[in-house]
Amino acid sequence: MAVECTGRNVEVTPSLMNLARERALRLERHLGGPANVRIVLSHERRRFGAEIIATHRRRRWNAHEYTADPRAAVALAFEKIDAQAKKDAEKMRNRKNRASPRLQSAEPAPDVRARGRKPAAEAGFDRRIVRVSRPAVKPMSAEEAALRIESSDQELLVFRDSGTEKLSVLYKRRDGNFGLIEC
C-alpha cells in the first residue's frame with residue numbers, strides 16, 4: 001500500500017493522513033490486493049477539495065469532491081472510489097460468467113400463448129434453437145396467405161407472391177391485423 005498526500009494551499013495534517021490510510025486499507029479489501037493511492041488536497045474560496053487517484057494492477061479510478069471540511073471531502077471522495085471499484089469488480093465477475101457471443105442463440109420469436117409468462121432467459125432456462133421441418137414455399141397472393149393464417153394456429157407464413165415472384169412473410173400483429181414483409 002502506497003498512500004501519497006500532497007496539499008495545494010493547505011497543510012496535510014496527521015489526522016488527514018490517518019484517515020487516508022484507513023480508507024486505503026478498506027479499499028484494498030475490496031480490490032483484493034495492494035493499491036497505490038494519490039491524494040491531492042486543495043483550498044480555494046472557502047472550500048476544500050480532495051482529488052483521489054487510486055490504481056490497482058492495470059485499473060485506475062478518479063474521484064473529486066469539494067466541501068467546507070477537508071476530512072469530509074476526503075471521506076466522500078473515498079466513497080466514490082469504493083463505489084467505482086465495486087462496480088468494476090462486479091463487471092469483471094459478470095464478464096467471466098458470460099458465454100461466448102458465438103455460442104449464444106438468437107432470441108426466439110414471441111409466442112402468443114406465452115405472453116403472460118416470463119421469457120425463458122428470465123425464468124432461468126437456457127435459450128435453444130429448435131429445428132422445424134422446412135415448409136414448402138408455395139406461390140399465392142397476400143389475401144390467400146391471410147386466409148391460411150386465420151384458419152391455422154400459426155403466427156407467420158412464408159410464401160412466394162404469385163404476382164411478383166418475390167419471397168414474402170405474412171405475420172399476425174398484436175392488434176389483430178396482419179403485417180407483410182416483402183423481400
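Arg46 counts as exposed, with 77% relative accessibility; exposed means over 50% relative accessible area, buried under 20% and partly exposed in between, using a 1.4 Å probe and protein chains only. The structure is a predicted model, in which local features need pLDDT of at least 70 and side-chain atom pairs count only at pLDDT 80 or more, while totals for chains, interfaces and linings use all residues. Residues are numbered from 1 along each chain as its sequence is written, and side-chain values use heavy atoms, with hydrogens and water left out.

**Positive phi angles**

Most residues other than glycine have a negative phi. Arg46, although not a glycine, has a positive phi, and so does Asn9.

| Residue | Phi | Loop between | Relative accessibility |
|---|---|---|---|
| Asn9 | about 65 degrees | strand S1 (2-8) and helix H1 (14-31) | 67% |
| Arg46 | about 60 degrees | strand S2 (36-44) and strand S3 (47-56) | 77% |

**A buried serine**

Ser168 lies in strand S7 (residues 167-172). Ser168 is buried, with a relative accessible area of 1%. Leaving aside residues up to four places away in sequence, Ser168 touches Leu157, Val158, Phe159, Asp161, Leu180, Ile181 and Glu182; contact means heavy atoms within 4.5 Å.

**A charge over a ring**

The charged end of Arg47 sits over the ring of Tyr66, at 4.7 Å from its centre. This term requires NZ of Lys or CZ of Arg within 6 Å of the ring centre and within 35 degrees of the ring normal.

Methods. Helix = DSSP H or I, 4+ residues; strand = E, 2+ residues; numbered from the N terminus.
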